Amino acid sequence: MAAGPKMVTLIPVRKMNRAIKFYTKILGGRVVERARGPMKDFWASAKVGGAEVWFVAPGVREKRKLAYQTFLVKDIRKYVAKLRARGVRFEKPERMSKETKVEGPVAFDTYGASAFFKDTEGNLLMAWQNFPPM
C-alpha cells in the first residue's frame with residue numbers, strides 16, 4: 001500500500017465563484033481555503049465527498065482538459081433525484097451491453113450503475129453505485 005504524500009485532485013474552472021457555488025450548494029462540499037487578493041479567482045481548496053479538491057483557473061495559453069471525477073454513492077436513484085431537484089442536468093446514459101437497463105439518466109449493469117453530468121465549468125462528473133456495494 002502506498003504511503004506518503006496525500007493526493008489532491010485539480011479541477012479546472014473558468015469562473016471561481018460559479019464553481020464554488022456549484023460544488024458547495026449543489027454537491028454539498030465546503031470551501032477550506034481560497035486565495036486572496038489578485039489570486040482569489042485563480043485558486044481555492046474544498047472538501048467534496050470526503051476528498052480534497054483544488055479549483056484552478058488555467059493560464060491563457062494552457063489548453064484546458066476536462067477533469068473526470070466520480071462520486072461513489074449508496075443509492076444512485078436518490079442521489080440523482082436530489083441533484084435533479086437542485087437543477088443538475090444529466091447526460092443521456094450509454095448502454096454498455098445488451099444487459100444494460102436504462103432508467104432515466106441512469107444506466108444499470110450487472111456490476112454497477114452510472115449517471116453522468118457536468119459541473120458549471122464543463123467538467124464531466126459521474127455518480128456510481130457499485131453492485132454489490134463496496
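Is Asp41 buried, exposed or partly exposed, and what is its relative accessibility? At 35% relative accessibility, Asp41 counts as partly exposed; buried means under 20% relative accessible area, exposed over 50%, and partly exposed in between (1.4 Å probe, protein chains only).

This is a predicted model, in which local features need pLDDT of at least 70, side-chain atom pairs count only at pLDDT 80 or more, and totals for chains, interfaces and linings use all residues. Residues are numbered from 1 along each chain as its sequence is written, and side-chain values use heavy atoms, with hydrogens and water left out.

**View 1. Salt bridge between Arg34 and Asp41.** A salt bridge is a side-chain nitrogen of Lys or Arg within 4 Å of a carboxyl oxygen of Asp or Glu. In this pair the closest N and O atoms are 3.0 Å apart. Arg34 is partly exposed, at 26% relative accessibility.

**View 2. Salt bridge between Arg77 and Glu103.** The closest N and O atoms are 2.7 Å apart. Because Arg77 lies in helix α2 (residues 76-85) and Glu103 in strand β6 (residues 101-103), the pair ties together parts that are 26 residues apart in sequence. Helices (H or I, at least four residues) and strands (E, at least two) are DSSP runs, numbered from the N terminus. Arg77 is partly exposed at 46% relative accessibility, and Glu103 is partly exposed with a relative accessible area of 39%.

**View 3. Salt bridge between Arg18 and Glu121.** Here the closest N and O atoms are 2.9 Å apart. The pair links distant parts of the chain, 103 residues apart: Arg18 is in helix α1 (residues 16-26), and Glu121 is in the loop between β8 (112-118) and β9 (124-130). Glu121 is buried, with a relative accessible area of 0%, whereas Arg18 is partly exposed at 32%.
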